[in-house]
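Student: Could you walk me through this structure step by step? I would like to see how each answer is reached.

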Amino acid sequence: MEWTTVEAADGAKLSVRLFKPAAPVEEADDVAVVLVHPYTILGGVQGLLRGMAQGLAQRGYRAVTFDMRGAGRSTGRASLTGSSEVEDVVAVCRWVADTLKPRAVLLVGSSAGAPIAGSAVDKVDQVVGYVSIGYPFGLMASILFGRHHDAILKSEKPKLFIMGTKDGFTSVKQLQNKLKSAAGRVDTHLIEGASHFQMEGPAFDAQMVDLIVNFIKSLPK
C-alpha cells in the first residue's frame with residue numbers, strides 16, 4: 001500500500017491510497033479500480049472501502065481509495081449534494097490514468113459515492129465502466145442526489161447496479177423504474193434481505209469483490 005496526495009482542479013488536496021497486487025493480472029485485464037466512499041457528511045471516509053480494495057488487490061487488480069474533500073485527511077469542505085466532489089473523482093481517475101497507466105479504469109461508488117461517481121464516468125475517457133453499490137434512487141435521497149441521476153443513466157458505458165432488497169433508501173421497484181431509461185449495457189444484482197448499511201459493512205466485502213471482478217472480466221478488451 002502507498003499513500004499520496006492528488007490535487008483537485010480547485011486546489012483541494014485529496015488523500016489517496018493505492019493497493020498494489022502481489023501478482024498483477026494479464027495486461028488485457030489490467031483495469032485499475034477507483035472506489036468512491038459513502039456520504040462524507042454522515043462520516044463517509046476511504047477506510048470504509050479498505051476491505052474491498054484489499055480483496056481486489058489480492059485478485060491481481062490495482063485498487064485506489066481516497067478521501068473526498070472534507071473527509072479524513074483531505075482538505076476542502078464537503079458539499080451537501082456531492083456536486084463539488086465530482087471533481088475529486090475526476091482528479092483521482094486522471095491521476096490513476098496518467099501515473100499508473102492501466103489499460104482502463106473502472107469506477108465503483110458506494111451509497112452516496114455512487115451518484116457522485118456516476119457524474120464523473122463520462123468526464124474521463126479512460127473510465128470504461130461503472131459499478132454502483134446501493135445507489136440512493138429513492139424519493140428522499142433524490143432531493144440531495146437527484147441532480148446526478150441523468151449523467152449515469154445517459155452514459156453509454158457499461159453499468160452494474162448492486163442493491164439489497166431491503167435497502168431503506170431505494171426500493172427494488174424504484175431501481176427498476178429508474179434503469180428502464182438507462183442507455184447502454186445495464187446489469188443489476190440484487191442481494192436478498194440485505195439492507196443499505198449492511199451492504200457497506202465488511203461482511204459483504206468478499207461478495208462485492210467477486211461481483212466487481214466478474215464485471216471487469218465481462219468488459220470488452
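Tutor: Here are some questions and answers about this predicted model.

Student: How many helices and strands does the protein chain have?
Tutor: Happy to start there. Helices and strands are each numbered from the N terminus. In the protein chain, the count is eight helices and eight strands.

Student: What radius of gyration does the protein chain have, and what would a compact globule have?
Tutor: The C-alpha trace spans about 40 × 35 × 30 Å along its principal axes. For 221 residues, a compact globule would have a radius of gyration near 17 Å. The chain agrees with that, at 16 Å.

Student: In what order do the strands of the open sheet lie?
Tutor: Start from the edges: β1 (2-7) and β8 (186-195) each pair on one side only. From one strand to the next, the twist averages 20 degrees. The pairing is mixed, and the order of the eight strands is β1-β2-β4-β3-β5-β6-β7-β8.

Student: Which residues of α1 are buried?
Tutor: Their cover includes β2, β3, β4, β6 and α8 (205-218). Here is a handy idea: an α-helix has 3.6 residues a turn, so residues three or four places apart point the same way. The buried residues of α1 are Met52, Ala53, Gly55, Leu56 and Ala57.

Student: How far apart are the ring centres of tyrosine 135 and phenylalanine 161?
Tutor: This is an aromatic pair, and the planes are 50 degrees apart.

Student: Is phenylalanine 161 buried or exposed?
Tutor: Buried means under 20% relative accessible area. Phenylalanine 161 has 1% relative accessibility, so the word for it is buried.

Student: Which residues do ring pairs link into a cluster?
Tutor: Phenylalanine 137 and phenylalanine 161 form a tilted pair, with centres 6.0 Å apart and planes at 35 degrees. Phenylalanine 137 is buried, with a relative accessible area of 3%, and tyrosine 135 counts as buried at 2%. Ring pairs link a cluster made of Tyr130, Tyr135, Phe137 and Phe161.

Student: Which residue lies over the face of tryptophan 3?
Tutor: For a charge to sit over a ring, CZ of Arg has to be within 6 Å of the ring centre. Here the distance is 4.3 Å, and the residue is arginine 73.

Student: Is lysine 101 buried or exposed?
Tutor: Lysine 101 lies in the loop between α2 (85-100) and β5. Its phi is near 50 degrees, a positive value in a residue other than glycine. Exposed means over 50% relative accessible area. With 59%, lysine 101 is exposed.

Student: What is the phi of serine 111?
Tutor: Serine 111 has its place in the loop between β5 and α3, and is buried, with a relative accessible area of 10%. Most residues other than glycine have a negative phi. Serine 111 is not a glycine, yet its phi is positive, at about 55 degrees.

Definitions and conventions:
Residues numbered from 1 in each chain as written. Predicted model: local features only at pLDDT ≥ 70, side-chain atom pairs only at ≥ 80, totals over all residues. Heavy atoms only, no water. Pairing = 2+ DSSP bridges. Helix = DSSP H or I, 4+ residues; strand = E, 2+ residues; numbered from the N terminus. Axes fitted to C-alpha atoms, helices over the stretch in contact; angles between N-to-C directions. Phe/Tyr/Trp six-rings, centres within 6.5 Å; stacked < 30°, edge-to-face > 60°. Buried < 20%, exposed > 50% of the residue type's maximum accessible area, 1.4 Å probe, protein only. Lys NZ or Arg CZ within 6 Å of the ring centre and 35° of its normal. Rg over C-alpha atoms; globule rule 2.2 N^0.38 Å. Contact = heavy atoms within 4.5 Å.
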